[in-house]
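This briefing is meant for a reader who is meeting the structure for the first time. Please keep the sequence and the model in view while going through the points below.

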Amino acid sequence: MKNFVLFLSIISVGLISSCGNDDDTEDIINEIIFDGTTLVGENGIAVDIGDSETHYEFNFAISDGDINYVASSESFQFSTSASFYFLFGAASLGTDQFKTGTFQFKSVIDAVPDDNFFFSTTFKEGGNSPTLSVTDGTITISGSSPNYTIQFDLTLTGGRSLTGAFVGTFEVK
């Protein structure tokens with residue numbers, strides 16, 4: 001009987017110790033790295049543009065200060081007093097609603113792909129620094145409105161890099 005109790009005890013310890021999170025995933029932190037400088041996004045706006053012929057579009061803006069969306073039929077415009085901002089348009093395949101997933105960079109002049117893509121991306125740090133555009137990269141959007149996690153690994157004009165994530169609640173327009 002003692003051997004049976006010992007056997008059950010060993011099995012119980014094994015089950016308890018294996019019930020934890022065995023995933024090798026790290027917690028995603030709200031941290032943006034621009035050429036080695038760490039920035040923290042505090043605010044986000046997501047603008048529901050709606051459907052095109054093949055995709056559903058959202059525009060996103062992230063910054064470390066207040067962001068004010070300016071409605072315009074021409075383009076995605078906003079004003080901010082933040083020390084940095086990052087904005088981009090994302091198009092998910094299908095026209096019924098915006099779907100999260102992985103988005104590859106496509107310039108506006110490219111043919112519309114049969115997949116998710118992002119476009120019209122700009123990043124600016126500091127008042128006198130130039131506005132940079134994305135030349136290549138991937139953005140992954142997860143969660144659901146208004147709580148999104150946006151992870152990115154991007155190459156900007158001049159070979160500069162923008163990596164990291166924004167985790168937060170977006171003001172949806």
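Predicted model: local features only at pLDDT ≥ 70, side-chain atom pairs only at ≥ 80, totals over all residues.

Does Asn116 count as buried or exposed? With a relative accessibility of 13%, Asn116 counts as buried, because the cut-off for that class is under 20%.

**The chain as a whole**

- Of the 173 residues in the protein chain, 35% are buried.
- When contacts between residues at least 6 apart in sequence are considered, 52% of them join residues that are at least 24 apart.
- The accessible surface of the protein chain amounts to about 10,000 Å², and carbon and sulfur atoms account for 50% of that surface.

**Strand pairing around β10**

- Strand β10 runs antiparallel to β8, to which it is joined by four bridges, and within this part of the structure Thr102 stands opposite Thr140 of β10.
- Strands β9 and β10 also pair in the antiparallel sense, over two bridges, with Thr122 placed opposite Ser133 of β10.
- The hairpin of β9 and β10 has six residues between its strands, and Gly126 in that hairpin takes a positive phi near 80°.
- Strands β10 and β11 run antiparallel and are joined by 10 bridges, while the hairpin that leads from β10 to β11 passes through two residues.
- Ser144 has Asn147, in β11, as its bridge partner.

**Nonpolar cores**

- The largest nonpolar core is made of 29 residues, and the residues with the most contacts inside this core are Phe60, Ile141 and Ile150.
- Several strands give two or more residues to this core, including β1 (31–34), β4 (55–63), β10 (132–144) and β12 (161–169), and the largest share, five residues, comes from β11.
- Once neighbours within four places in sequence are left aside, the contacts of Ile141 include Phe60, Phe88, Phe98, Phe103, Tyr148 and Ile150.

**Aromatic pairs**

- The whole structure holds 17 aromatic pairs, and one of them brings together Phe98 and Phe103, which are stacked because their ring planes lie at 10°, with 5.8 Å between the ring centres.
- Both partners of this pair are buried, Phe98 at 12% relative accessibility and Phe103 with a relative accessible area of 0%.
- Tyr148 and Phe170 form an edge-to-face pair, with 5.8 Å from centre to centre and 70° between the planes.
- This second pair links distant parts of the chain, since Tyr148 belongs to strand β11 and Phe170 to the loop between β12 and β13, 22 residues apart.
- Tyr148 counts as buried at 5% relative accessibility, and Phe170 likewise counts as buried at 3%.

- Asn116 is found in the loop between β8 and β9, and a polar atom of the Asn116 side chain lies 2.8 Å from the backbone nitrogen of Leu93.
- Apart from residues within four places in sequence, Asn116 is in contact with residues that include Ala91, Ser92, Leu93, Thr100, Phe103 and Gln104.
- His55 sits in strand β4 and is buried, with a relative accessible area of 1%.
- The side chains of His55 and Thr54 are joined by a polar contact of 2.6 Å.
- Not counting residues up to four places away in sequence, His55 touches a set of residues that includes Gly50, Ala91, Leu93, Val112, Pro113 and Phe117.

**Gly164**

- Gly164 is found in strand β12 and is partly exposed, with a relative accessible area of 24%.
- The C-alpha atoms of Gly164 and Gln151 are separated by 5.7 Å, although these two residues are 13 residues apart along the chain.
- With residues up to four places away in sequence not counted, Gly164 touches Glu31, Ile32, Ile150, Gln151 and Phe152.

Key
Residues numbered from 1 in each chain as written. Heavy atoms only, no water. Core = buried A, V, L, I, M, F, W, Y, C linked by side-chain atoms within 4.5 Å. Buried < 20%, exposed > 50% of the residue type's maximum accessible area, 1.4 Å probe, protein only. Contact = heavy atoms within 4.5 Å. Phe/Tyr/Trp six-rings, centres within 6.5 Å; stacked < 30°, edge-to-face > 60°. Areas by Shrake-Rupley, 256 points an atom, 1.4 Å probe, with all protein chains shown as cover. Polar contact = N/O pair within 3.5 Å; in protein donor to acceptor, adjacent residues only side chain to side chain. Pairing = 2+ DSSP bridges.
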